Amino acid sequence: QLHLVESGGGLVQPGESLRLSCEAPEITSRTYNMAWFRQVPGKEREGVSCFSSWGGTTKYLDSVKGRFTISSNWKKKAVYLIMNNLKPEDTAVYYCAAELRFRQCELDLSYEAWGQGLQVTVSS
């Protein structure tokens with residue numbers, strides 16, 4: 001079982017920035033995909049961004065392009081989501097996800113492991 005530990009999040013005002021972190025200490029492979037998803041009450045979980053270590057591929061939800069950046073640090077066994085110019089519609093519970101499958105990362109719900117969720121609230 002692969003366990004993911006999330007940190008960061010909180011309450012910020014529109015236009016401010018926030019950094020989310022996800023650690024996956026049990027990952028031993030140097031080829032992996034990691035992603036961030038988010039979910040609001042009454043709606044389906046949606047993919048925000050993903051990263052493939054084996055190819056450096058990144059993908060972003062259209063509504064966050066130019067504002068969010070995903071990055072990873074294998075030595076620290078971590079992936080980060082740097083969120084700039086946050087908007088109220090970014091308010092959600094954010095989930096980290098990971099998989100060891102050899103594929104271009106995708107913003108789907110087929111990932112092998114999930115974090116417990118991290119609340120991000122953007123409000124004035």
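Buried means under 20% relative accessible area, exposed over 50%, and partly exposed in between, with a 1.4 Å probe and protein chains only. The model is predicted: local features need pLDDT of at least 70, side-chain atom pairs count only at pLDDT 80 or more, and totals for chains, interfaces and linings use all residues. Residues are numbered from 1 along each chain as its sequence is written, and side-chain values use heavy atoms, with hydrogens and water left out.

**Exercise 1.** Find where Asn85 lies and classify its accessibility.

Solution. Strands are DSSP runs (E, at least two residues), numbered from the N terminus. Asn85 lies in the loop between strand 8 and strand 9 (92-99). Its relative accessible area is 37%, so Asn85 is partly exposed. Asn85 also has a positive phi near 50° and is not a glycine. Most residues other than glycine have a negative phi.

**Exercise 2.** Describe the surroundings of strand 8.

Solution. Step one is burial: five of the six residues in strand 8 (residues 78-83) are buried. Step two is pairing, which requires that DSSP finds at least two bridges between two strands. Strand 3 (residues 18-23) pairs with strand 8 in the antiparallel sense over six bridges, and here Glu23 stands opposite Ala78. Strand 7 (residues 68-73) also runs antiparallel to strand 8, joined by six bridges, with Ile70 opposite Leu81.

**Exercise 3.** Classify the aromatic pairs Phe37 with Tyr111 and Trp54 with Phe102.

Solution. Rings of Phe, Tyr and Trp (its six-membered ring) pair if their centres lie within 6.5 Å; planes under 30 degrees apart are stacked, over 60 edge-to-face, and the rest tilted. The whole structure holds four such pairs. The ring centres of Phe37 and Tyr111 are 5.6 Å apart and their planes are at 75°, so this pair is edge-to-face. Phe37 in strand 4 (residues 33-39) and Tyr111 in the loop between strand 9 and strand 10 (113-114) are 74 residues apart. Phe37 is buried at 0% relative accessible area, and Tyr111 is buried at 5%. Trp54 and Phe102 are 4.6 Å apart centre to centre with 40° between the planes, a tilted pair. Trp54 is partly exposed at 32%, whereas Phe102 is exposed at 68%.

Technical notes:
Helices (H or I, at least four residues) and strands (E, at least two) are DSSP runs, numbered from the N terminus.
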